[in-house]
Amino acid sequence: MEQGRECGECDLCCRWLSHKVYGQEITLDSPCRFIKNGCSIHKNRPAHCKRYECMWSQGVLPEWMFPKDIRIIVSVKNWPHGRGKWLELIDPENKITDEILAELVKFDVPIKYFRDGKEYIHGPSEFEEFYKDYVKKRG
């Protein structure tokens with residue numbers, strides 16, 4: 001397994017993940033204003049930007065699942081049960097395929113994703129309860 005990969009030309013987390021960058025609320029409708037052929041503030045980006053690593057950049061997913069190519073971000077989240085992790089797919093363009101899901105199911109952890117406008121949770125009932133509470137807390 002690889003120990004990590006460079007993001008290269010991928011900037012989907014700067015466009016799709018909800019967070020704040022120097023006062024700007026980043027949303028799907030409002031990508032980071034510092035994206036200019038990559039991150040123009042890379043050396044001085046906020047700590048939460050430095051800490052974020054999608055599952056591909058961690059070197060866990062196969063090379064063909066480069067987020068910019070498949071148009072999906074796979075984020076690893078903490079869950080206090082089972083294997084201690086769950087996967088959240090950020091897929092605003094509805095690009096999820098059976099091939100992508102089959103690859104993710106191999107990790108044997110819960111997965112939350114949307115497909116054709118419907119939310120799906122792949123995992124045990126304990127995870128479904130955890131996720132309901134997680135959504136309430138995030139408000």
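A residue is taken as buried when its relative accessible area is under 20%. By this criterion, strand β4, which spans residues 85-90, is mostly covered in the predicted model, with 5 of its 6 residues buried. Across the chain, 36% of the 139 residues count as buried.

Strand β4 has pairing partners in both β3 and β5. With strand β3 (residues 73-78), the pairing is antiparallel and extends over 6 bridges; in this pairing, K85 of β4 is the bridge partner of N78. With strand β5 (residues 111-115), β4 runs parallel, and the two are joined by 2 bridges. Here K112 of β5 is the bridge partner of E88.

These strands belong to a chain that contains 5 helices and 6 strands. Along the sequence, the elements follow the order α-β-β-α-α-β-β-α-β-β-α. The radius of gyration is 15 Å, close to the 14 Å that the globule rule gives for 139 residues, so the chain is as compact as a globular protein of that length. The C-alpha trace spans about 45 × 35 × 30 Å along its principal axes. Of the contacts between residues at least 6 apart in sequence, 44% join residues at least 24 apart.

The accessible surface of the chain amounts to about 8,800 Å², and carbon and sulfur atoms account for 49% of this area. The chain carries 23 positive and 22 negative side chains. The centres of these two sets lie 7 Å apart.

Notes
Residues numbered from 1 in each chain as written. Predicted model: local features only at pLDDT ≥ 70, side-chain atom pairs only at ≥ 80, totals over all residues. Heavy atoms only, no water. Helix = DSSP H or I, 4+ residues; strand = E, 2+ residues; numbered from the N terminus. Rg over C-alpha atoms; globule rule 2.2 N^0.38 Å. Buried < 20%, exposed > 50% of the residue type's maximum accessible area, 1.4 Å probe, protein only. Contact = heavy atoms within 4.5 Å. Areas by Shrake-Rupley, 256 points an atom, 1.4 Å probe, with all protein chains shown as cover. Lys, Arg positive; Asp, Glu negative; His and termini not counted. Charge placed at Lys NZ, Arg CZ, Asp CG, Glu CD. Pairing = 2+ DSSP bridges.
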